[in-house]
Amino acid sequence: MGGMATHTDREHTAEKPVGTRELMGPDTINVVDFIDQRKVSRFQWGTIFLCALVMLLDGFDNQAIGYVAPALTRSLHIDKSALGVIFGAGLLGYTIGTLIIGMLADEFGRRKVIIGGTLAFGLLSLLTVTANSLNALLVIRFLTGLALGGAMPNAIALVSEYSPRRIRATLVT
């Protein structure tokens with residue numbers, strides 16, 4: 001037909017969105033269905049537990065900085081009004097970490113990002129006691145928040161991925 005595509009040619013060459021079910025061959029396993037149809041395994045519970053510990057660190061960090069705030073004002077000789085800036089630095093780092101470092105999991109994998117973020121958070125938390133000025137404390141708190149912000153959304157996503165639908169909402173919240 002002189003280079004013109006017929007109706008049937010266009011049907012076969014047109015790009016259509018393909019769902020996972022259309023791509024699955026006879027040897028392919030749908031992981032979501034596999035997880036949903038089985039009892040939660042010891043491996044899954046272990047993964048969920050470790051991710052819950054990462055989430056617990058977030059709560060601990062927020063509580064601990066509030067608890068040591070009076071000691072910080074005395075040891076660094078700063079005004080109480082500076083505490084808002086210190087708390088804000090951690091939250092700013094957390095926000096940026098969530099937006100930027102959280103996406104690194106697509107490139108490097110959730111496990112690596114969660115482990116790296118948690119290790120960095122732990123080391124930076126230990127470094128907090130070495131801060132001898134307001135500026136040093138601001139930088140350390142910002143970096144601590146950055147590391148934790150990178151780990152948290154990936155821990156939540158990993159729990160969601162490893163959980164069957166029937167209990168997913170309970171485990172993620």
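This is a predicted model: local features need pLDDT of at least 70, side-chain atom pairs count only at pLDDT 80 or more; totals for chains, interfaces and linings use all residues.
The score is pLDDT, the predictor's confidence in each residue, from 0 to 100. Over residues 1-14 the pLDDT is below 50, and this stretch has 3 contacts in the model beyond near neighbours in sequence. Contact means heavy atoms within 4.5 Å. For the protein, the mean pLDDT is 83, and 85% of residues reach 70 or more.

Residues are numbered from 1 along each chain as its sequence is written. Local features need pLDDT of at least 70, side-chain atom pairs count only at pLDDT 80 or more, totals for chains, interfaces and linings use all residues, and side-chain values use heavy atoms, with hydrogens and water left out.

### Overall make-up

The protein has 9 helices and 0 strands, in the order α-α-α-α-α-α-α-α-α from the N terminus. Helices (H or I, at least four residues) and strands (E, at least two) are DSSP runs, numbered from the N terminus. Of the 173 residues, 31% are buried. Buried means under 20% relative accessible area, exposed over 50%, and partly exposed in between (1.4 Å probe, protein chains only). Among contacts between residues at least 6 apart in sequence, 75% join residues at least 24 apart.

### Helix pairs

Axes are lines fitted to C-alpha atoms, for helices over the stretch in contact, and angles run from 0 to 180 degrees between N-to-C directions.

| Pair | Axes come within | Crossing angle |
|---|---|---|
| α7 and α8 | 8 Å | roughly 150° |
| α8 and α9 | 8 Å | roughly 160° |
| α4 and α7 | 11 Å | roughly 30° |

Angles under 35 degrees count as roughly parallel, over 145 as roughly antiparallel, 65 to 115 as roughly perpendicular and the rest as oblique. A crossing is left-handed if the near helix is turned anticlockwise from the far one by less than a right angle, and right-handed if clockwise. For residue classes, Ala, Val, Leu, Ile, Met, Phe, Trp, Tyr, Cys and Pro count as nonpolar, Asp, Glu, Lys and Arg as charged, and the others, Gly among them, as polar.

Helix α7 spans residues 110-127 and helix α8 spans residues 134-162. The two are therefore roughly antiparallel, and their crossing is left-handed. Residues that make the contact include Ile114, Thr118 and Phe121 of α7 and Asn154 and Leu158 of α8. By class, this contact divides into 14 nonpolar, 6 polar and 2 charged residues.

Helix α9 covers residues 165-172. With the crossing angle given above, α8 is roughly antiparallel to α9, and the crossing of this pair is right-handed. Ile156, Val159 and Ser160 of α8 make the contact with Arg168, Leu171 and Val172 of α9. Its residues are 4 nonpolar, 1 polar and 1 charged.

From α4, Cys51, Val54, Leu57 and Asp61 meet Ile114, Thr118 and Phe121 in α7. This contact has 5 nonpolar, 1 polar and 1 charged residues.

### Individual residues

Thr47 is in helix α4 and is buried, with a relative accessible area of 13%. Not counting residues up to four places away in sequence, Thr47 touches Leu158 and Tyr162.

Ser163 lies in the loop between α8 and α9. Its relative accessibility is 0%, so Ser163 counts as buried. Leaving aside neighbours within four places in sequence, Ser163 is in contact with Ile35, Ile48, Arg168 and Leu171. Two of these partners, Arg168 and Leu171, also belong to the contact of α9 with α8.

His77 is in the loop between α4 (42-75) and α5 (82-99). His77 counts as exposed because its relative accessibility is 70%. Its phi is positive, about 55°, although His77 is not a glycine. Most residues other than glycine have a negative phi.

Asp106 lies in helix α6 (residues 104-108) and is exposed, with a relative accessible area of 67%. Asp106 and Asn154 are 48 residues apart in sequence and 9.8 Å apart in space, C-alpha to C-alpha. Asn154 is also one of the α8 residues in the contact with α7.
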